[in-house]
Amino acid sequence: MGYVPERVVLERYAQLLVEFALGHGNGIQPGDVVQINGTDACKPLYVESCKAVWRAGGHVIHAYRPSEDEADDVRRSFFEMASDEQISFLPEAHARGLVEQVDHDLVLYSPSIPRSLDGIDPSRQMAHELARKPVRDWEQEKENRGEYSWTVASYGTPGMAAEAEMSVEQYWEQIIRACFLDQEDPVTRWRQVRSTIGDTRERLNSLPIERVHVDGPDADLWIGLGDQRRWQDGVGANMPSFELFTSPDWRGTEGWIRFSEPLYAFGSLITGVELEFRGGRVAKAMAAENEPLLHEMITTENADKVGEFSLTDSRLSPIDRFMADTLYDENVGGPYGNTHLALGNAYQDTYVGDPASLAPEDWERLGFNESAIHTDIVSTADRTVTAVLSDGSERVIYADGQFQLDDVA
């Protein structure tokens with residue numbers, strides 16, 4: 001199998017995911033059902049995660065599959081061989097049963113070949129995503145009722161490390177440091193981090209922000225936050241997570257933005273992404289590499305609208321290298337933190353009230369975007385974010401990679 005982290009690291013990692021990250025930062029409860037998703041590339045962590053669930057008194061549903069392989073890749077073979085009917089097939093009874101049964105989903109991201117779908121017709125990939133959308137809708141409804149949680153975490157593979165131009169040992173050093181797995185009790189450390197992020201979140205939420213202006217050498221973008229919005233942290237859903245994000249009213253997006261970081265999406269690589277918005281929609285999209293995939297993604301229903309806007313404070317995140325993994329790249333610290341936005345689906349937990357109380361027409365009225373796609377695109381350039389408040393005044397809330405909120409009660 002090649003390099004495998006020390007067992008104590010894997011045990012701490014699994015404990016962190018099961019006893020903290022799942023359950024929105026509260027861990028699982030005895031009797032909870034956890035579906036663990038992974039490939040044979042992450043077998044050591046998959047096994048430890050199962051053990052952690054059992055120690056906590058939970059039950060495991062396995063979603064274990066082969067990893068990508070140069071000679072015989074089951075995922076690529078599907079897109080090469082499947083008919084249109086097979087591409088759009090949804091095993092509805094099975095999927096509904098799983099959504100009803102599962103309390104938590106743990107996704108262990110571990111691509112052996114991060115660009116395993118290079119050259120695959122992107123329209124087939126988007127059609128498959130659309131076919132799976134009902135499942136995500138059912139999960140969202142259950143999450144809104146407070147009955148479901150999910151966590152995404154990464155297991156570094158040689159393929160991921162090679163994309164990031166690191167050895168696999170160097171790659172794991174970033175994972176270990178970012179998740180505090182070099183500490184005897186990473187759960188306690190993460191509770192401290194979440195408290196710090198929470199203080200900043202509360203300061204942001206105390207400001208009556210109507211819209212923000214993202215300004216820099218690669219951006220001149222206005223984003224309208226919309227009514228009944230709040231900022232959220234990603235701790236728990238993502239491990240690690242140092243960001244603060246909101247899902248704005250997509251109708252208030254105007255201007256242009258360029259992204260410094262490569263985008264790994266749909267088993268392919270897109271570089272040099274630049275977007276121009278008019279009337280809340282992408283009016284122009286360019287990429288230095290794989291532009292057809294970018295265009296196909298944007299033409300998917302409502303994937304030309306913003307579903308998330310996010311900022312990361314460089315003082316919090318120990319991630320300081322490009323990781324060729326969106327989970328890490330959207331949480332990078334470095335000299336200027338990062339700014340990222342997602343095209344496509346909004347996060348309904350950024351609504352200030354009870355999301356379970358809203359009907360589909362309410363989400364539409366409030367400008368929460370709905371799409372089968374949610375694609376985060378990241379920039380680590382130096383940017384200033386200025387908020388326009390409800391009284392018309394302006395104040396800088398983010399500059400030099402840091403939130404500027406120390407004077408906010």
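How far is the sulfur of C42 from the closest cysteine sulfur? Select C42 and C50: the gap between their sulfurs is 9.8 Å, and C50 holds the closest one, so it is too far for a bond.

Before moving on, know that this is a predicted model, where local features need pLDDT of at least 70, side-chain atom pairs count only at pLDDT 80 or more, and totals for chains, interfaces and linings use all residues. Residues are numbered from 1 along each chain as its sequence is written, and side-chain values use heavy atoms, with hydrogens and water left out.

**Stop 1: the cysteines**

A disulfide is a covalent bond between the sulfur atoms of two cysteines. Here the test is a pair of cysteine sulfur atoms within 2.5 Å, and a search of the whole structure turns up zero disulfides. Now click on C179: its sulfur has C42 as the closest cysteine partner, but at 14 Å that is too far for a bond. C42 is buried, with a relative accessible area of 0%, and C179 is buried with 0% too. (Buried means under 20% relative accessible area, exposed over 50%, partly exposed in between, using a 1.4 Å probe and protein chains only.)

**Stop 2: D218**

Next, select D218, in the loop between β5 (209-216) and β6 (219-224). Strands like these are DSSP runs of E, at least two residues, and helices are runs of H or I, at least four, numbered from the N terminus. Is D218 buried or exposed? It's buried, at 7% relative accessible area.

Show its side chain and look for two partners. D218 makes a side-chain polar contact with S379 at 3.2 Å, and another with the side chain of R383 at 3.1 Å. (A polar contact is a pair of N or O atoms within 3.5 Å; within protein, one must be able to donate a hydrogen and the other to accept it, and residues adjacent in sequence count only if both atoms are side-chain atoms.)

**Stop 3: the largest cavity**

Finally, select E261, P262, L263, Y264, T326, D329, D376, I377 and V378, which line the largest cavity. β11 (263-265), α11 (326-329) and β17 (374-379) each give two or more residues to this lining, and β17 gives the largest share, three residues. The space inside is about 50 Å³. On a 1 Å grid over the protein atoms alone, a cavity is a set of points where a 1.4 Å probe fits but cannot get out, and lining residues have an atom within 4 Å of a point. Grid points are joined across faces, edges and corners, and the volume is the space filled by probe spheres set on them.

How values were computed
On a 1 Å grid over the protein atoms alone, a cavity is a set of points where a 1.4 Å probe fits but cannot get out, and a pocket is an open set with protein on both sides within 12 Å along at least five of seven lines; lining residues have an atom within 4 Å of a point.
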